[in-house]
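Biologist: I'd like to learn how to read a chain-to-chain interface. Could you walk me through one?

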There are 2 protein chains.
Amino acid sequence: MRTLGVLIFPEFELLDVFGPLEMFGMLPETFAIRLVAERERNVASAQGPRSVADALFSDAGHYDILLVPGGRGTRREVDNPALLSWLREKAAAADMVASVCTGSALLAKAGLLDGVKATTNKMAFAWVSSQGPRVLWQPQARWVEDAKFVTSSGVSAGIDMSLAVIARCCGEEQARQVALWAEYEWHRDPSWDPFAKIHGVV
Amino acid sequence: MRTLGVLIFPEFELLDVFGPLEMFGMLPETFAIRLVAERERNVASAQGPRSVADALFSDAGHYDILLVPGGRGTRREVDNPALLSWLREKAAAADMVASVCTGSALLAKAGLLDGVKATTNKMAFAWVSSQGPRVLWQPQARWVEDAKFVTSSGVSAGIDMSLAVIARCCGEEQARQVALWAEYEWHRDPSWDPFAKIHGVV
């Protein structure tokens, strides 16, 4: 059983969180999901709907896998020392640290991605990459795996990245099965990224 | 401005709700999102994470568009007279009624789909179709539009269906733009459904 800690903060992007959690949530005997917020339990997403945190920063808690979403709240949270410090502490103890969309801006600002290959949303590429000048930013990638860090591109890319993480944890066949249950056409190739060109990054 | 009422109930499927809401939520000047639950504000999904309802059945409320998710909670809710009665009342007043996955079992059981072409999750096809013997069930379809009803196939199909609804409300170019913002490869063809064969429905 692996504990999956999912950071939520005001104005997180809905699909960055719930795309991955749909996939991990199909395997409840393998992944225990915990939403974690700073101080308030009810957290409103960028789209409005509110989620309830299972734990707060003040609670002790070890997460085998850490998932960091994006959303316009990241523009504020890159300047939140409590959040960056929590990320550094939990990432150090985790086996795997995953991000979706502009979530990698938070990891970068926390210094966790220095010297690491990483990617992000292609529409926000300039801003995100400015948060970590020593990160080896990849302008064209659906997701990037480098040691324990798995960073993905914008919003829906988190679903493909999560299936790759499930394949790493549970085998390719299990990931394929999860995608079928969700009637999801999985992009298995991490270099598939037509959006890099559309959004003018390459 | 159109009000989008999204039904949530215990053990709703996460992506059935939040895939569509990611898409509609990109257009906050067009769609006002309201999560609606029966009696309790905090509602746990099938995958665990809890959402907070913005309104309860007892609140007055008109919804221009109604969205009904699936999830294993539907197996219980098909026998909930309060929920079926709420659905009948709100669907009668709505301009459009959409469902994802086994959400169409609830619409069918409420009698709303009699004589209407509709689809559902292909893994649960036999059970869902047994909830409405007079429904014109379509065994192979990503989504089906028939008058004001738009029913979609399993889980991730709700994203494609939502983009089709956005195209109907706001034009094809707006829907294309929303898909690009989410870095989502939209399946625009409602007859695209490889899962019908994989899950043995056709």
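Modeller: Let's begin with polar contacts: a polar contact is a pair of N or O atoms within 3.5 Å; within protein, one must be able to donate a hydrogen and the other to accept it, and residues adjacent in sequence count only if both atoms are side-chain atoms. Here the rule finds 24 residue pairs in polar contact across the interface of chain A and chain B, both residues at pLDDT 80 or more.

Biologist: What should I keep in mind about the model and its labels?

Modeller: This is a predicted model, where local features need pLDDT of at least 70 and side-chain atom pairs count only at pLDDT 80 or more, while totals for chains, interfaces and linings use all residues. Residues are numbered from 1 along each chain as written, chains are lettered from A and ligands numbered from 1 in the order written, and side-chain values use heavy atoms, with hydrogens and water left out.

Biologist: Which elements of chain A give two or more residues to the side that touches chain B?

Modeller: Elements are DSSP runs numbered from the N terminus: helices are H or I with at least four residues, strands E with at least two. In chain A they are α1 (14-25), β2 (31-37), β4 (50-52), α7 and α8 (194-198). α1(A) gives the most, with eight residues.

Biologist: How many salt bridges cross the interface of chain A and chain B?

Modeller: A salt bridge needs a side-chain nitrogen of Lys or Arg within 4 Å of a carboxyl oxygen of Asp or Glu. The rule finds two across this interface, one of them joining R50(A) and D54(B) at 3.2 Å, N to O.

Biologist: And how much area do chain A and chain B bury between them?

Modeller: Buried area is the accessible area (1.4 Å probe) that two parts lose on being put together, summed over both. For this pair that comes to about 3300 Å², with 60% of it on carbon and sulfur atoms. On the chain A side, E22(A), R50(A) and E183(A) lose the most, together 22% of what that side buries.

Biologist: How are the two copies related?

Modeller: Two copies of a chain are related by a rotation about an axis and a shift along it.
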